[in-house]
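This briefing is meant for someone meeting the structure for the first time. Please look over the sequence and the model shown below before reading on.

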Amino acid sequence: MDYYGAMVHIFRLRALALACMLTVGAVPALLAQPAAPTEVLPAAPPEAEDTDHPLEDQDTALTAELFYELLLSEMSTSGGDASTGYALMLDAARKSSDPRLYRRAAEMALQSRSAEAALLAIRSWNAAFPQSREANRYLLYILVTLNRTNESAEPLQRELAMASGRSKLASVRALPQLYARVSNKATAARIVEQALAGELRHPAIGPAAWATIGRMRLAAQDKAGALEAASQSLALDHTDDGAAMLALQLLDEGVAEAEVLLPPYFADTPMPEVRMAYARLLLESQRLADAQAQVDAVTRERPDAAEAWLLQASLKLQSGQLDAAEQALAQFTRQLDSAPPGEMRSRAFTQAWLMHAQIAEKRGDYAGAETWLARIDNAPELLAAQSRRASLLARQGKLSQARAVIRATPARQPEDERLKLQAEAQLLREAGEYREAYEIQGRAAALAPEDDDLIYDQAMLAEKAGQPREAERLLRSIVERKPDHRHALNALGYMLADRGEKLAEARSLIARALEQAPGDPFITDSLGWVEFRLGNHARAEELLQSAFDTQPDAEIAAHLGEVLWMRGQRERALQVWREGLRINKNHDTLQETIKRLGARP
């Protein structure tokens, strides 16, 4: 074999190896769109490759010149000259009309962060293979990545036209993630809606299409449109998980009407993950009985769902059912025993140990609580463990030692300093040291002045510390920044009502809060209290009784009992107060109410 023949042979072998590599090449990370497991949009499905019609006999069609060009392209790229490597690969693709080389040219450009060069290669690929679904998908992704949203309309329509069956369903569900980073969400929503217009009545695709449209509308802040889309989706298929999750997202964002869409879904066979999401929302709204019903269903239907047992334990602990809480934690830790070792498993055990310590603390078993806390040895959870230790010391009258424990805990990251201040303020609050707690909480809020929740806690402590006007100022500042902050609306309205001031405004504020969280027993309690202050005693009794039935609570008992007492129903009032004392015999408001009215429950 002469020298030239030997070189051709070498080039041939290298090029064939390259061709094999390209055949199984992965989609570039820049193009990979994050999505939920059920919404993955594959980058290069087998059927897409078949439509490109690559050269039938790659081994004989590649010339020595092409081998050399491919080799130089890869060597240039490896040597740091990405632009030359890209140009050579794109030239080779055009000469050979091989879709794998077009794709490789696009990958080279993307790896060198040259999106415009990638777009040129992908457009050339599309021009050479107009029926290629893979080339069209690359074009769709790069246009969206470049924020050229209007230009994505045509390739999006082609993608949906080329897809079929489960592949189309996956493509439809992935669209909100695909467009998640574009700047103009309203334009993206309009383009997606236009592309899906022909699918909305399809029995298999329609529910997913409506759910996708709803998610796009919600991203564009069109909550009314998103609600209508969720309704349309669930009307076509009441078991659609995507539409149910959309309704929950709307509910979380204050669209109360979304909840009425959910009963048919939960009456069927919902995904445990959806039940859990609903349970968490209910728990945040203090609808503990409703949350309990959802968690009970998950533990019954999926007893291997570890998170459900942890939430079950939390609910039982909040309701004072300590034995049931322990049993749920035992189920949770049994599930964890078979989990692979790692940080997630370690954190999960930490949550269980902290809850066990809290149960022991509630029983007055401080030594037992310390034993549980001693099991926590992972550094990220040290502050949580030390805060619990400090609480144990404070409950034993050792407040100065408790504060020292928190102050001595090292701050591993900047926000730990704020968390330490919050933990110390909570210790002081529980000890009745409201003035100092207010001062410490103010220092915590100063570290994060935009954190409305910190300012809300500061306002609550200001009232306890005898500074009602400062509390009102802080709450009004939150409402001014965030008009739908239901906790601030409720607290401000209740504060005004309790002082007998601006009662019409107080009712309006609380009504706005209740719009954000319909059925919330504590906000309903506030509304009942303002009605009582306004002299509407019958309406007050109705609201307070509803709140107490939903959530037996010592403060609600204090309010309901007072209304009943003033209406002459004294035996019923005493009965309600007795129940409140069983819940929390040391509750300040309940004790003050009974003493002020001269009652003897």
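Which residues does Glu515 touch, not counting residues up to four places away in sequence? The model examined here is a predicted one, and in it Glu515 touches Gly254 and Ala256 when those neighbours are set aside. The protein that holds these residues has 34 helices and zero strands, and of its 601 residues 49% count as buried.

**The protein as a whole**

- Among the contacts in the protein with a separation of 6 or more, residues 24 or more positions apart account for 56%.
- The accessible surface of the protein comes to about 28600 Å², and carbon and sulfur atoms hold 51% of that surface.

**The nonpolar cores**

- The largest nonpolar core has 39 residues, and those with the most contacts inside it are Met460, Leu475, Ile523, Leu527 and Val530.
- At least two residues of this core are supplied by each of helix H24 (414-430), helix H25 (434-447), helix H26 (452-464), helix H27 (468-481), H28, H29 and H30, and the largest share, seven residues, comes from H28.
- A second, separate core of 35 residues includes Phe266, Tyr278, Leu283 and Ala305.
- Leu527, one of the residues with the most contacts inside the largest core, touches Arg507, Ile510, Leu514 and Leu543 when residues up to four places away in sequence are not counted.

- Helix H29 covers residues 503-516, and its 14 residues reach 20 Å from the first C-alpha to the last, close to the 20 Å expected at 1.5 Å a residue.
- The buried residues in H29 are Leu503, Ala506, Leu509, Ile510, Ala513 and Leu514.
- Seen down the axis of H29, these buried residues fall within an arc of 140 degrees, so they line one face of the helix.
- An α-helix has 3.6 residues a turn, so residues three or four places apart point the same way.
- What covers the buried residues of H29 includes helix H28 (486-499) and helix H30 (521-533), whereas the face turned away from the buried side carries the exposed residues Ala504 and Glu515.
- Glu515, which lies in helix H29, is exposed because its relative accessible area is 53%, and exposed means over 50%.
- Although Glu515 and Ala256 are 259 residues apart in sequence, their C-alpha atoms are 6.9 Å apart in space.

**Helix H20**

- Helix H20 covers residues 343-362, and its 20 residues reach 29 Å from the first C-alpha to the last, close to the 28 Å expected at 1.5 Å a residue.
- Buried residues in H20 include Phe349, Trp353, Leu354, Met355, His356, Ile359 and Glu361.
- The buried residues of H20 pack against helix H18 (306-318), helix H19 (322-337), helix H21 (366-373) and helix H22 (382-395).
- Just after H20, Gly364 takes a positive phi of about 80 degrees.

- Leu428 has its place in helix H24, and at 0% relative accessibility Leu428 counts as buried, because buried means under 20%.
- Leaving aside its neighbours within four places in sequence, Leu428 is in contact with Leu399, Arg403, Glu433, Glu436, Ala437 and Ile440.
- Leu428 and Ala402 are 26 residues apart in sequence, and from C-alpha to C-alpha they are 9.9 Å apart in space.
- Arg104 has its place in helix H6 (residues 99-111), and at 11% relative accessibility Arg104 counts as buried.
- The side chain of Arg104 makes a polar contact with the side chain of Glu74, at 3.0 Å.

- Ser97 lies in the loop between helix H5 (82-96) and H6, and its phi is near 55 degrees, a positive value in a residue other than glycine.
- With a relative accessible area of 33%, Ser97 is partly exposed.
- Gln221 lies in the loop between helix H12 (206-219) and helix H13 (223-236), and Gln221 has a positive phi of about 65 degrees although it is not a glycine.
- At 58% relative accessibility, Gln221 counts as exposed.

Terms used
Residues numbered from 1 in each chain as written. Predicted model: local features only at pLDDT ≥ 70, side-chain atom pairs only at ≥ 80, totals over all residues. Heavy atoms only, no water. Helix = DSSP H or I, 4+ residues; strand = E, 2+ residues; numbered from the N terminus. Buried < 20%, exposed > 50% of the residue type's maximum accessible area, 1.4 Å probe, protein only. Polar contact = N/O pair within 3.5 Å; in protein donor to acceptor, adjacent residues only side chain to side chain. Expected span 1.5 Å × (residues − 1). Arc of directions from axis to C-beta. Contact = heavy atoms within 4.5 Å. Areas by Shrake-Rupley, 256 points an atom, 1.4 Å probe, with all protein chains shown as cover. Core = buried A, V, L, I, M, F, W, Y, C linked by side-chain atoms within 4.5 Å.
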